[in-house]
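Student: I would like to learn how to read a few features of a protein model. Please take them one at a time.

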Amino acid sequence: MTRAAVLPSCAIATVLGLVWVAAGIGLLIGNATTSVPRGLYVASAPETASYVTFCLGDRHRNAPYYEWFCSRDHPDGIGILKRVQSRAADGIVLVAGDTHRALDSRILGPILPGEITGWWRPLIQIKGTRDDLRDAQETAPKGPEEQARGY
């Protein structure tokens, strides 16, 4: 292998190693869902964060999706990442997803301070996926023929 080929390979390996370490100590998370942009998010102070991770509260215990996500009953469950829509002085946060099917404050209500597990800002975001196009098509206004057929 030539020196010209070794240097880029070493740089890529170093970057991947740093990402792995940062994720392992809670400084970096990834998102592969469509409810917020896919990408990598870096830990941030609450004042500068535009995204928040949280677990479901006891008030969500009867919801059908309760078992899927982290909560007091399931601390190792999947955390929820959403965009911060607004914040109140008492620490309560309203969150929003980027799709009409997102599990956000429209469904969950306000996120309480004890439910928040992290504050984040985007490092790398990937936008314009096929899922975004599908969501746009599903929510697009229907023409008269589609409405008449019940689509």
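Student: Is Asp-58 buried, partly exposed or exposed?

Tutor: Start with the rule: buried means under 20% relative accessible area, exposed means over 50%, and partly exposed lies in between, with a 1.4 Å probe and protein chains only. Asp-58 has a relative accessible area of 36%, so Asp-58 is partly exposed. This is a predicted model, in which local features need pLDDT of at least 70 and side-chain atom pairs count only at pLDDT 80 or more, while totals for chains, interfaces and linings use all residues. Residues are numbered from 1 along each chain as its sequence is written, and side-chain values use heavy atoms, with hydrogens and water left out.

Student: Which residue forms a salt bridge with Asp-58?

Tutor: A salt bridge is a side-chain nitrogen of Lys or Arg within 4 Å of a carboxyl oxygen of Asp or Glu. For Asp-58 the partner is Arg-72, and the closest N and O atoms are 2.5 Å apart. Arg-72 and Asp-58 both lie in the loop between strand S3 (51-54) and strand S4 (80-87), so the pair ties together parts that are 14 residues apart in sequence. Arg-72 is exposed, with a relative accessible area of 61%.

Student: How many salt bridges does the rule give?

Tutor: The count is six. One of them joins Arg-61 and Asp-73, with the closest N and O atoms 2.9 Å apart. That pair links distant parts of the chain, twelve residues apart, with both residues in the loop between S3 and S4. Arg-61 is partly exposed at 36% relative accessibility, and Asp-73 is partly exposed at 41%.

Student: Where do Arg-83 and Asp-98 lie?

Tutor: These two form a salt bridge, with the closest N and O atoms 3.0 Å apart. Arg-83 is in strand S4 and Asp-98 is in the loop between strand S5 (93-96) and helix H2 (105-108), so the pair ties together parts 15 residues apart in sequence. Arg-83 is partly exposed at 28% relative accessibility, as is Asp-98 at 41%. Salt bridges that share partners also join Asp-58, Arg-61, Arg-72 and Asp-73 into one network.

Student: Which cysteines form a disulfide?

Tutor: A disulfide is a covalent bond between the sulfur atoms of two cysteines. The rule used here asks for a pair of cysteine sulfur atoms within 2.5 Å, and the count is one. Cys-55 and Cys-70 form this disulfide, with their sulfur atoms 2.0 Å apart. Both cysteines sit in the loop between S3 and S4, 15 residues apart. Both Cys-55 and Cys-70 are buried. The angle about the S-S bond is -105°, and the link of Cys-55 and Cys-70 is left-handed.

Student: Which residues is Gly-109 in contact with, leaving aside neighbours within four places in sequence?

Tutor: Contact means heavy atoms within 4.5 Å. With those neighbours left aside, Gly-109 is in contact with Arg-59 and Asp-104. Gly-109 is found in the loop between H2 and strand S6 (116-126), and at 19% relative accessibility Gly-109 counts as buried.

Student: What share of the protein chain counts as buried?

Tutor: Of its 151 residues, 33% count as buried.

How values were computed
Helices (H or I, at least four residues) and strands (E, at least two) are DSSP runs, numbered from the N terminus.
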